[in-house]
Amino acid sequence: MATIWVVAELDGDAPSTTTLELLTAVREVADPLAVVAFGAGADAMAAAAGAHGASTVFAVGDDALTGAPRAQATAIAALAATHAPELIVFPASYEGRDVAGRLQALTGSTLMGNVTGIVAADRARTEILGGTFVVDVALEGPAPRIVLMKPRSIEAEASGGGPAEVQRVTPEMPDGLRDAAVVARHEEARTGPSLDTAPVVITGGRGLGGPEAFAMLDELASAIGEAAVGATRAAVDAGWVPYAYQIGQTGKTVTPEVYVAAGVSGALQHIVGMKKSKRIVAINKDPEAPLMKLADLGVIGDVATVVPALTEEIRRRAGS
Amino acid sequence: MNVVVFAKWVPLGTPELGEDRRLVRGRDDGLDAGDEFGIELALQLTERDGGDVTVVTMGPEGAAAAIQRALAMGAHRGILVTDDALAGTDTLGTARVLAAAARRQPFDLVVGGVESADGYTGTVPVTVAELLDLPSVTFARKVDVEGGALRAERQTPGGYDEVTCSLPALVTLTAGATEPRYPSVKGIMQAKSKPLERLTLADLGLGPADVAPTQSVAEVAPAPEKPGGEIVEAGDDAIARIADLLAEAKVI
């Protein structure tokens, strides 16, 4: 068995769901399994980390390290030099990618992105061609090998362990380490539920024809109630909606009860982010679009007529 | 204000599985659309403040077309790193090559895309930043440079952060951060006479060991297949069917 670390992401004072997923994914092949967590909240993770299979939490530094990727990568590299983990698993988040990429430069080790499963300390799994094929990749070169695991690849499950032992670590930082600093944070209020938790996700693709058509999807979402609107990379690249809407290989992975795709052809980059939805409805002019084959219900037609008609039908049913 | 921009030559279109179960890549290759936002930023900054834009690409000889496109947009010079030893290299090898190529000229800013259209790992720019000892801002949706400092709006899952760092620095741009211009006919003509330097690994002071692949495919298996659904023509019945499905899922 191998020493494996999971780099935690905090959600308030608790480890994020993604962190617990990562622990669940690696604990069968890890011994010992440790969590690396940054900031003052790290101590509070002992119970949840232990319950999901970790024996140790390295609580690194103070709040100054929160959101500082260079300092975090430097701290992990120093800690890894002491404890020699064979594999370090990061969540494939914005922060995770920043820290993992820098760590790779410091350790000279391999880095694999888009991981959906951990087979062994030197073997990770990913999916290609929109998830139609599963590929196991052998990770070579010097340890610690680094992987970025996609959120929602598996479900988090407690294994019933007691609290992990917290080891507080005060990293030494080299002088003159230049890092970016956050001046202000802004939350952008989205109307309605978030893409992460909405039971219905309605996604627009290039087939919508333009940004104004997203208003039609907003209407449908509002008729349904608990629905959020997303977009494909093509629609985001076209500048129709902000990056925060993007569902796919990068962008968000969603697993709603119902996924409604409007004018989405189903590029592989997109399918990876939504194929675990419980029910899939596709509306597209092209019956040969890849997403039509994946759909539980595919409707061949023009989104500009089908979507408003559906909105009206849902309002009619709600009213009767 | 000198800017180095990384541009990638990628297969366009959707890859498919051929009848023999081998991957058939898109037929055409081209400049990654995600890189045009950074090229546009570099052009805007240097048009305002003076200085040069150098475009760096690693790839086969055909990738010179990606640089030509950037030169036609207005970039001043290009570097194409081509070497047989680079076939199959991964993120670390790529980052080492790009960092070495960037070091060949003085720069204030290095610009990259958030992720490539074919690999999606999204870590190469920050690995380069670490190799070059630079601070970085990733996922920037708005960037400006003022008084020797970079100011950017960084996309976050729930909004954005205002972020700053001193120059030199590295930034990666999200799609839509700028509005990339189309090359003009004049630009396309001028591009042909702009300097395009072709370099090998040895020219960069690197050897095959620096870029040796560190990952290999151990096993490929088809994912469990999902039973196919039903496809219907649009019409009143289809609308009712969608509504029924939503009702079955108890979401309306």
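Which residue is the bridge partner of A:Ala184 in β11(B)?

1. The bridge partner of A:Ala184 is B:Glu162 in β11(B), and the two strands concerned, β13 (residues 181-187) of chain A and β11 (residues 159-166) of chain B, run antiparallel and are joined by 6 bridges. Strands here are DSSP runs (E, at least two residues) and helices likewise (H or I, at least four), numbered from the N terminus, while two strands pair if DSSP finds at least two bridges between them.

2. This is a predicted model, in which local features need pLDDT of at least 70 and side-chain atom pairs count only at pLDDT 80 or more, whereas totals for chains, interfaces and linings use all residues. Residues are numbered from 1 along each chain as its sequence is written, with chains lettered from A and ligands numbered from 1 in the order in which they are written.

3. An open sheet of 4 strands, with antiparallel pairing, also draws on both chains, in the order β8(A)-β9(A)-β10(A)-β14(B). Its edge strands, β8 (117-120) of chain A and β14 (215-222) of chain B, each pair on one side only. Strand β10 (residues 133-139) of chain A meets β14(B) over 7 antiparallel bridges, and within this pairing A:Asp136 stands opposite B:Glu219.

4. The contact (C-beta atoms, placed from the backbone, within 7 Å) takes 79 residues from chain A and 66 residues from chain B. On the side of chain A that touches chain B, helix α4 (residues 94-107) of chain A gives the most, with 9 residues.

Technical notes:
Contact = placed C-beta atoms within 7 Å.
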